[in-house]
Amino acid sequence: MRIDVLTVFPEMVEHAASQSIVGRARRSGALDVRAWDLRDFTADRHRTTDDSPYGGGVGMVMKVEPIDAALRAIGATDDGGTRDAHVVLMSPQGQKLDQELVRVLASYGRIVLICGRYEGVDERVREHLVDREVSIGDYVLTGGELPALVLMDAVSRLVPGVLGKGESADDESFSEGLLEYPHYTRPEEYRGWRAPDVLLSGHHAEVATWRRRESLRRTLERRPDLLPGARLTAKDRADLKELGANEKLLDSLGEPSE
Ligand code: 4F9
């Protein structure tokens with residue numbers, strides 16, 4: 001998969017995307033990530049990417065021309081404006097990123113992430129140049145670079161060849177729509193804090209049952225809003241009832257799977 005990032009801070013994106021699993025995937029060829037400096041697509045002596053807002057007011061607005069020029073130069077759109085990539089504007093006004101949207105974005109062969117700044121991006125970028133706007137949550141940031149890196153991280157781990165064999169299993173919990181069960185590793189006891197005996201028992205079936213129940217317990221306690229969208233068996237429902245789920249919640253669950 002190819003991911004192009006348009007930004008006024010290409011070093012920030014380049015640095016983050018050269019580390020860890022994304023960095024390894026780039027070196028292996030599974031991912032082609034390119035950070036572009038919007039200032040390289042300006043035509044004036046000062047390489048201006050933003051300007052004061054028409055109508056007055058504080059702050060600056062990101063200009064449309066460098067973004068349009070960059071999209072054409074990198075082959076994301078042709079001269080007729082036809083898109084050869086899925087173009088995303090990182091914006092607090094966009095659709096909230098969740099694992100379902102991550103899967104949609106991972107299905108494209110090529111995406112372009114445009115990093116705006118909070119004061120704003122010329123509305124014509126939204127109107128004519130992008131396919132969708134994506135937000136990573138309801139808080140104000142100084143720019144779209146960190147959101148772009150969050151999106152890239154989440155999408156990359158679904159691209160074939162990015163995760164190794166041992167790394168890839170853990171999408172399961174979220175694809176089931178539940179929170180992860182608790183994890184423990186050595187030592188068995190630390191300052192009197194013991195790891196649960198069942199995990200040390202070597203009984204694989206009991207471990208699996210315990211983990212499923214803990215996933216259900218956690219989701220019920222912390223994120224009950226996830227339960228109606230989760231894949232639940234008849235046994236899961238019975239466990240939820242035993243864990244104290246109320247009637248209203250139990251009624252809101254879909255038909256059992258399996
Ligand atoms: C973008 C915040 C996406 C949340 C972009 C300032 C942003 C953002 N999600 N904030 N520029």
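Let's start with L226. Is L226 buried or exposed? Its relative accessibility is 17%. The cut-off for buried is under 20%. So L226 counts as buried. Keep in mind that this is a predicted model.

Where does L226 sit? It is in the loop between helix 9 and helix 10. Leave out residues up to four places away in sequence, and L226 touches G177, L179 and T219. Now look across to T42. L226 and T42 are 184 residues apart along the chain. Their C-alpha atoms are separated by 46 Å.

Compare that with another leucine, L113. L113 is in strand 6, residues 110-115. Its relative accessibility is 0%, so L113 counts as buried. Which residues does L113 contact, beyond its neighbours within four places in sequence? The list is I3, D4, V5, L6, V88, M90, A148 and L151. Pick out L6 from that list. L6 and L113 are 107 residues apart along the chain. Yet their C-alpha atoms are separated by 6.2 Å.

That pair leads to the whole chain. Take contacts between residues at least 6 apart in sequence. Of these, 71% join residues at least 24 apart.

Next, the overall picture. How many helices and strands are there? The protein has 11 helices and nine strands. The radius of gyration is 23 Å. The globule rule gives 18 Å for 258 residues. The value for this protein is well over that, so the protein is more spread out than a compact globule. Along the principal axes, the C-alpha atoms fill a box of roughly 70 × 45 × 40 Å.

What share of the 258 residues is buried? The figure is 42%. The accessible surface comes to about 14900 Å². Carbon and sulfur atoms account for 50% of that surface. On charge, there are 35 positive and 45 negative ones. The mean positions of the two sets are 3 Å apart.

Now two helices, one after the other. We begin with helix 10, residues 234-242. Which of its residues are buried? They are D236, R237, D239 and L240. Look down the axis of helix 10. The buried residues fall within an arc of 160°, so they line one face of the helix. What do they pack against? Their partners are helix 9, residues 204-222, and helix 11, residues 247-252. Now turn to the face that points away from the buried side. There you find the exposed residues A234, K241 and E242. Just after helix 10 comes G244, with a positive phi of about 100°.

Helix 2 is next. It runs over residues 20-28. V22, G23 and A25 are buried there. Down the axis of helix 2, the buried residues fall within an arc of 160°, so these too line one face of their helix. What covers them? The cover includes helix 6, residues 145-156. On the other side of helix 2, S20, R27 and S28 are exposed. After helix 2 comes G29, and its phi is positive, near 95°.

Stay with S20 for a moment. Some background first. Most residues other than glycine have a negative phi, and most peptide bonds are trans. Now to S20 itself. S20 is not a glycine, but it has a positive phi of about 55°. S20 lies in helix 2. Its relative accessibility is 61%. The cut-off for exposed is over 50%, so S20 counts as exposed.

Which way does the phi of R47 go, positive or negative? It is positive, about 55°, although R47 is not a glycine. R47 is found in the loop between strand 2, residues 32-37, and strand 3, residues 50-51. R47 has 33% relative accessibility, so it counts as partly exposed.

Is the bond from R186 to P187 cis or trans? It is cis, with omega near 5°. And P187? Look in the loop between helix 7, residues 172-175, and strand 8, residues 189-190.

L113 is buried in strand 6. Helix 10 has its buried residues on one face. The R186 to P187 bond is cis.

How values were computed. Residues numbered from 1 in each chain as written. Predicted model: local features only at pLDDT ≥ 70, side-chain atom pairs only at ≥ 80, totals over all residues. Heavy atoms only, no water. Helix = DSSP H or I, 4+ residues; strand = E, 2+ residues; numbered from the N terminus. Rg over C-alpha atoms; globule rule 2.2 N^0.38 Å. Buried < 20%, exposed > 50% of the residue type's maximum accessible area, 1.4 Å probe, protein only. Contact = heavy atoms within 4.5 Å. Areas by Shrake-Rupley, 256 points an atom, 1.4 Å probe, with all protein chains shown as cover. Lys, Arg positive; Asp, Glu negative; His and termini not counted. Charge placed at Lys NZ, Arg CZ, Asp CG, Glu CD. Arc of directions from axis to C-beta.
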